[in-house]
Amino acid sequence: MEYDLATVSGLFGHAFSMWWIMIPAIMVGLVAGAVPGFAAHNTIIILLPLTLALNVELALTFMVSLYCASHLGCGIPAILVNIPGTGGAAATTLDGYPMTKNGQAVKALALCFVASVLGGLISSIVTLFALPMLSKVGYYIHSVEMVVVMLFGLALIASIAAQDMLKGLIAGAFGLMLGAMGADHIYATPRGTFGFLALFDGVPLVPALIGLFAISEALVMLEETTLVKQGSQSRGRVTWRESAKEIFHAFTYWWQIVWTSILGLIIGALPGAGASIASFVAYQQSLFFSKTPEKFGTGHPQGVIAPESANNGVTTGTLVPLLAIGVPGGSTAAVMMIVLQFHGVPFGPRLFVEQPQLAYGVIAVMAVSYIMMIPFMFPMVRYMSRITVISTVYLAPFIVAFTLVGAFVPRGFIFDMGVAVAFGVIGYIARKTGYHVAAILIGVILGPLIERSFLLAMRISGNDPMVMFSSTIGNVLWVMLILTLALPPLMQRRRAWLERQTSKSHAGPDA
């Protein structure tokens, strides 16, 4: 397909002509993303009869718009009430919720929405022109490289543990231990399931998320009268001028949005990687390159922008392997694959030869979906922030009841509600004793993924550990990982040394 002005404008013009189905899909997606447990793939499955009844172009437009909007919606509960409904929004809580507690909910929401919309829009446009090249990424990234990529996310535990290394590492190790529950990846032997069949597939992610963050936070809320800290109480009513001011200010972080969204796009193009890995890696890399890394975790704007822009960059990336080689990049892409197969749509090179307008039109629809979300940002920033002034006496019980329903929805097991309560107790104890629940969550999410890729590499190589250093791309990633871990303490020592030298020079020769 030739990229000339007429072709590109035709793709976008055709995408805009389907606004009548995109706007309802965006509204459904925003609600689905904001409700813990109702992720995009669950919502699309519920609406599967509708998508099967529509023609393939309209069905794909509806699903893609809903998918994009749900990723934006996931940041709302993560920021306001510390509830990451999906793994992709888990990293957003690290700085988004502290901003809310500091009375900056409006600013945090503005950062979230701008990063989500711009991140998704940038990655969609990049994908539209780089689709042939991005479709080959999966051929060069194998199990060895995936191990190193996920270690970048796991390295975030070390950053979280900076204030108390022992407690941080204990929390991370505890999360990795919980993540090892379930069937062994080689012989399918149950490990740590305690005889519960529902744990055979491992710890269910959504109940674990809900328990560690939402239920534990609700228990902590009951000890306070309001959601925000005393002395930083934000007003319940926010004017349109204030909302617009915060939204326009968020655009000043455009450079970080650009590079983290492209990082999310590349990770999303790897089959099986997903938003969880992308958001944690983007957060860790933003912390590494930041001039003020000590502010991360205390309500730093960059800590909200990085995971949200990467999270929405993944939306486009997950469709790349689906369209190029017929391998879905995530659970939502897998549901889309079912609908496309029902309509007889081919995948791989045949799709780009027989139906290029559909293949490239999907990416154009994604870009237009994010453009159509821009007007939604202003009312959401203004009205969503009012949640922070609700008394915790009413808010905490509502959160527990609401999130327990969300824990039940993904698999339909009553057992998962018990898992959420159990993780809620674990999270509450961790908070009260000074252990970081995010470190536990990182271990739960990334532990099984790293183990699967590592064991696959070992089996292919005949149990040769040197296979981890047999790839050129893998070796480059190893060097980058070592630098990521080694440079921050070295730079901190250098800054301390420079400060001492400066203080000595100001003190004078008689000091």
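Leaving aside its neighbours within four places in sequence, which residues is Ser70 in contact with? Figure 1 takes up that question, after two notes on how to read the views. This is a predicted model, in which local features need pLDDT of at least 70 and side-chain atom pairs count only at pLDDT 80 or more, while totals for chains, interfaces and linings use all residues. Residues are numbered from 1 along each chain as its sequence is written, and side-chain values use heavy atoms, with hydrogens and water left out.

**Figure 1. Ser70 and its contacts.** Here we look at Ser70, which sits in helix H5 (residues 56–73); helices (H or I, at least four residues) and strands (E, at least two) are DSSP runs, numbered from the N terminus. Setting aside neighbours within four places in sequence, Ser70 is in contact with Gly29, Leu30, Gly33 and Ala40, where contact means heavy atoms within 4.5 Å. With a relative accessible area of 2%, Ser70 is buried. For that label, buried means under 20% relative accessible area, exposed over 50%, and partly exposed in between (1.4 Å probe, protein chains only). For a sense of scale, Ser70 and Val421 are 351 residues apart in sequence and 25 Å apart in space, C-alpha to C-alpha.

**Figure 2. Helices H7 and H8 side by side.** Two packed helices are described by the angle between their axes and the distance between the axes. The axes of H7 (residues 93–101) and H8 (residues 105–134) come within 7 Å and cross at roughly 150 degrees. Those axes are lines fitted to C-alpha atoms, for helices over the stretch in contact, and angles run from 0 to 180 degrees between N-to-C directions. H7 and H8 are therefore roughly antiparallel to each other; angles under 35 degrees count as roughly parallel, over 145 as roughly antiparallel, 65 to 115 as roughly perpendicular and the rest as oblique. Where they meet, H7 brings Gly96, Met99 and Thr100, and H8 brings Ala105, Lys107, Ala108 and Leu111.

**Figure 3. A salt-bridge network of Asp184, Arg191 and Glu451.** Side chains of opposite charge can pair when their charged atoms come close. A salt bridge is a side-chain nitrogen of Lys or Arg within 4 Å of a carboxyl oxygen of Asp or Glu, and a search of the whole structure finds 5 of them. Arg191 and Glu451 join at 2.7 Å, N to O. That pair links distant parts of the chain, with Arg191 in strand E2 (residues 190–191) and Glu451 in helix H23 (residues 437–461), 260 residues apart. Arg191 is partly exposed at 26% relative accessible area, whereas Asp184 counts as buried at 17%. Look for Asp184 in the loop between strand E1 (182–183) and E2.

**Figure 4. Glu217 paired with Arg431.** In this salt bridge, the closest N and O atoms are 3.0 Å apart. Glu217 lies in helix H13 (residues 205–221) and Arg431 in helix H22 (residues 414–432), so the pair ties together parts that are 214 residues apart in sequence. Glu217 is buried, at 3% relative accessible area, while Arg431 is partly exposed at 25%.

**Figure 5. Asp416 paired with Arg411.** Their side chains meet in a salt bridge of 2.7 Å, N to O. Asp416 counts as buried at 1% relative accessibility, and Arg411 is partly exposed at 28%.
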